[in-house]
Amino acid sequence: MLNLTIDGKKVQAEAGWTLLDTARQHHIEIPTLCYHEAVEPFGACRLCVVELRQGDNSRLVASCVYPAEEGLEVHTMSEKVKNVRRWILEMLLSECPASEAVREMAAEYGVDSTRFEVRNPEEECILCGLCVRACAQVVGANAISTVGRGAQKEIGSPYLIPGEACVACGTCVTVCPTGAMRARFDRVRGVPEVVMAKAGK
Ligand code: SF4
Ligand code: FES
């Protein structure tokens, strides 16, 4: 077992646990958006940021991908951590202002507006890739992809052609942290009438 402290509390972790695993095992809350226990963590949203301190030095790491190590001093709610989370939430409010989950989380941190440009007031997707990873790793269907680059990046079927790989299990909709996958499901699955017509039904 590894011995470390989180928010001043002595805790133990098993080798292979991340800091997020360790915190959750000890009922210490860390906010996440792109994390789901069923799939490999990816470190996309950075909301799970925590501060590691060693003497006068400190650094910020994403707790969902950072391994628990012997002797670490971890702070989950320091001023530094809260400031970074507020900044991330402001960014998310500009990127996906229509997501209730994001707005609620932002409100918890006192963030109710953003200084950054809002390109699409209807956008809900934070491009966290959780739907893509769940489809590949849990379902094994690989029916969902991140398509395009930069500002054009979006979630859809590979090459944006709705395909037969989708088994309509709804796992992507279940894991999506923002509710965005509901509106994207037909892009992956195809519009029901078109799918039925293709299947000759
Ligand atoms: S649709 Fe949902 S799960 Fe998929 S990338 Fe967007 S926010 Fe993440
Ligand atoms: S939950 Fe860790 S980076 Fe998103």
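By the ring criterion, the count in this predicted model comes to one aromatic pair, where rings of Phe, Tyr and Trp (its six-membered ring) pair if their centres lie within 6.5 Å, and planes under 30 degrees apart count as stacked, over 60 as edge-to-face and the rest as tilted. The ring centres of Trp87 and Phe116 are 6.3 Å apart and the planes stand at 90 degrees, so the pair is edge-to-face. This pair links distant parts of the chain, 29 residues apart: Trp87 belongs to helix 2 (residues 79-95), and Phe116 to the loop between helix 3 (100-108) and helix 4 (130-139). Helices (H or I, at least four residues) and strands (E, at least two) are DSSP runs, numbered from the N terminus.

The model is a predicted one, in which local features need pLDDT of at least 70 and side-chain atom pairs count only at pLDDT 80 or more, whereas totals for chains, interfaces and linings use all residues. Side-chain values use heavy atoms, with hydrogens and water left out, residues are numbered from 1 along each chain as its sequence is written, and chains are lettered from A and ligands numbered from 1 in the order in which they are written.

Seven helices and seven strands make up the secondary structure of the chain, and their order along the sequence is β-β-α-β-β-β-α-α-α-β-β-α-α-α. The C-alpha trace spans about 65 × 40 × 25 Å along its principal axes.

The domain assignment, with bounds from an automatic or database domain assignment, gives domain 1 (2-77) and domain 2 (130-198). The centres of domain 1 and domain 2, taken over C-alpha atoms, are separated by 31 Å. Nine residues from domain 1 and seven residues from domain 2 take part in the contact, contact meaning heavy atoms within 4.5 Å. Between them the two domains bury about 650 Å², of which 66% is on carbon and sulfur atoms; buried area is the accessible area (1.4 Å probe) that two parts lose on being put together, summed over both. On the side of domain 1, Leu33, His36 and Val39 lose the most area to domain 2, together 60% of what that side buries.

The count of salt bridges between domain 1 and domain 2 is zero, a salt bridge being a side-chain nitrogen of Lys or Arg within 4 Å of a carboxyl oxygen of Asp or Glu. Three residue pairs (both at pLDDT 80 or more) are in polar contact across this interface. A polar contact is a pair of N or O atoms within 3.5 Å; within protein, one must be able to donate a hydrogen and the other to accept it, and residues adjacent in sequence count only if both atoms are side-chain atoms.

Glu123 is placed in the loop between helix 3 and helix 4. Not counting residues up to four places away in sequence, Glu123 touches Glu95, Cys96, Pro97, Ala98, Ser99 and Arg184. Its side chain reaches the backbone nitrogen of Cys125 at 3.0 Å.

Positive phi values occur at Asn142, a residue that is not a glycine, with about 50 degrees, and at Ala168, with a value near 55 degrees. Asn142 lies in the loop between helix 4 and strand 6 (145-147), and Ala168 in the loop between strand 7 (154-156) and helix 5 (171-175).
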